[in-house]
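Reader: I would like to learn how to read a structural model with some care, going from whole chains down to single side chains. Could you take me through one, giving the general idea before each case?

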Amino acid sequence: MATDPTLAQVEEALRDVFDPELGYNIVDLGLIYGVDVKDGDVVVVMTMTTFGCPATEYIVQGVEARLAALPGVRSVKVDVVWSPPWSPDLMSDDAKAYFGYL
Amino acid sequence: MPGTRVSRYALPYFAVALTALMLAELGLASGLFPFADPLAPSALVVVHLTTVGWLTLLVLGALSQFLPVISARPLFDERLSLLALILIPTGLLGMLLGFAALAFGVSAPTLPLGGALVLFGVLLAAWNLYATRSRTHPSLSSRFVAVGLAFLLATVLLGVSLALLLTGFLPLPSALGALLLSRGLPAHVAGGLGGFFTLVAMGVAYKLLAMFTLAPEERGLLGSAAFLATASGLVVLWLSLLLGGLLPWLTILTPPALALAALGIALFLADMRRLYRQRRRRPLELNTAFATAAFVALGSAIALLLVSLFIGSTSWTLAAVYLSVYGWLTGLGLTQLYKIVPFLTWLERYGPRLGKGVLPRVQDLVQERRAKPAFLAYFAAVALGTLALGFEEAALFQLAALVMLLATASIGRELLAARRVRPEVASQGPARPSAQAGTLPQR
């Protein structure tokens, strides 16, 4: 039986998925609210920058595709939640600096 | 999932709309808009190419994509969008032929027939959008859009009535017909320009600019006050203009209603200024930077309108209307198309490949430095055209219109360039800071 990917590996993989309009990866934008990895099943809880964003389905599919390609991953489930709502304050310092907010 | 997909017909709407705009600008540059007679048949050709062909199709195309975003619901029926896209330009063509016939003293049935097709197309599009709206918590943006759509229906219905009257197909007693013409036309202009276009543009601006600049979407009291004052002012203004002939006491309400709508727009502009100051995305992109020129045009147009009505100057009133149509509405439309078209293109071309390899960002599909002179030229030409109209300098106005046409064509070329698939941009990839593993929260 393959071993589960580590959280660091999941995080690194998720940095390959980005918000197309902002042009920045979803991890540093603060869109990922939580990750759970157990027996090859990955659950990601995340949000979008705005309610009803037209890129929502593509970003979710991107997360699923990218994580499914990780060794040891059997299934990927993405839960999109709107509470708490996303705010620019959730961005990493790198992202804040990129947008001139820091 | 409350996300929405790309509307299949938004981009075709934009393509037809931009073509109509360039034809209208060609008409202006060719002198088809005689200063002495703004209601001449040739002027009506230019006016309806701009309002029906460009602005109506632009707004309906944009709403077919962004009302689902505002409401977090998919579009009710894509087929209705297609049907409206066929009916409205076909009807417009009939109207233009009808106006051309009027120039030769002929009342062609294509004018009311075309108007009826436009009305039918607009009804379908409006129903499609109405059925898409949020039924739970209407946002500030969707409240602007809902009142705007009601004005769209009223404006088109009134327009068709005027077309029937002008061509002799609406048999009204002559006194009543004259009353409808004299009162209906100002109401048609105010309902279309203020009620439909401006309210919808304000609503869309609230959503899009907050999204693009990372500013708070919740606008609080100032946003609500802007909506209430503008919408209620325009509703009373429209009623007093239309029915003032039959109920003279209503005309007393015209000046305060206009003042209330102007106050609402002033509050909106103040809130937009606040929104830009609150933004977390400090460097402005081309679309958000030049949107400020559209806001300046809106504020200037309202000030010019109030002053020109006060001093009774027809030429400056015309200049104010022109500035609101080409500076505010068209300016906002062109600047936001510069963002929307690449964004929709990205979703269509690259969206399904996200997470499966290196992809470009939306920003990589455009070259802002190359497009900037076209936007500068466009807004400068609109300012020149406004002054030329006010001072009744026909040749200068035509020159300004020619520059507007060239600038619009250049912006159109940039949009086409964004649509082209360029494999080399895919290698750039998105901004990616050095990984700092261990920041992800575990559930």
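Predicted model: local features only at pLDDT ≥ 70, side-chain atom pairs only at ≥ 80, totals over all residues.

Reader: How do I judge the overall dimensions of chain A, and what share of its residues is buried?

Author: The idea is to set the radius of gyration beside the value for a compact globule with that number of residues: for 102 residues this would be near 13 Å, and chain A has 14 Å, which agrees. Along the principal axes, the C-alpha trace of chain A spans about 45 × 25 × 20 Å, and buried residues make up 57% of the chain.

Reader: Which secondary structure elements does chain B have, and what does the radius of gyration say about chain B?

Author: Chain B has twelve helices and zero strands. A compact globule of 443 residues would have a radius of gyration near 22 Å, and chain B has 22 Å, which agrees. The C-alpha atoms of chain B fill a box of roughly 80 × 45 × 40 Å along the principal axes, and 57% of the 443 residues count as buried. Among the contacts in chain B between residues at least 6 apart in sequence, 81% join residues at least 24 apart.

Reader: Which parts of chain B do the buried residues of H9(B) pack against?

Author: They pack against helix H6 (174-213), helix H8 (254-278), H10 and helix H11 (368-390) of chain B. The buried residues of H9(B) include Phe290(B), Ala294(B), Phe295(B), Ala297(B) and Leu298(B).

Reader: Why would such side chains be found together, and which residues have the most contacts inside the largest nonpolar core?

Author: In soluble globular proteins, nonpolar side chains tend to be buried together. Here the largest nonpolar core has 177 residues, and those with the most contacts inside it are Met46(A), Leu67(A), Phe14(B), Phe268(B), Phe295(B), Tyr326(B) and Trp328(B). H10(B) gives the most to this core, with 18 residues.

Reader: How many aromatic pairs does the structure hold over all chains, and how do I describe the geometry of one?

Author: There are 23 aromatic pairs over all chains. For each, one reads the distance between ring centres together with the angle between planes: Phe196(B) and Phe197(B) have centres 4.8 Å apart and planes at 40°, so this pair is tilted. Phe196(B) counts as buried, at 2% relative accessibility, and Phe197(B) is buried as well, at 6%. Phe295(B) and Trp328(B) form another tilted pair, 6.0 Å centre to centre with 40° between the planes. Since Phe295(B) lies in helix H9 and Trp328(B) in helix H10 of chain B, the pair ties together parts that are 33 residues apart in sequence.

Reader: Are Phe295(B) and Trp328(B) buried or exposed, and which aromatic cluster includes them?

Author: Both are buried. Phe295(B) and Trp328(B) belong to one aromatic cluster with Phe144(B), Tyr206(B), Phe227(B), Phe268(B) and Tyr276(B). Leaving aside neighbours within four places in sequence, Trp328(B) is in contact with residues including Thr198(B), Met202(B), Phe268(B), Ala294(B) and Leu323(B).

Reader: Where does the charged end of Lys339(B) sit?

Author: The charged end of Lys339(B) sits over the ring of Phe212(B), 5.5 Å from the ring centre.

Definitions and conventions. Residues numbered from 1 in each chain as written. Chains lettered and ligands numbered in written order. Heavy atoms only, no water. Phe/Tyr/Trp six-rings, centres within 6.5 Å; stacked < 30°, edge-to-face > 60°. Buried < 20%, exposed > 50% of the residue type's maximum accessible area, 1.4 Å probe, protein only. Helix = DSSP H or I, 4+ residues; strand = E, 2+ residues; numbered from the N terminus. Lys NZ or Arg CZ within 6 Å of the ring centre and 35° of its normal. Core = buried A, V, L, I, M, F, W, Y, C linked by side-chain atoms within 4.5 Å. Contact = heavy atoms within 4.5 Å. Rg over C-alpha atoms; globule rule 2.2 N^0.38 Å.
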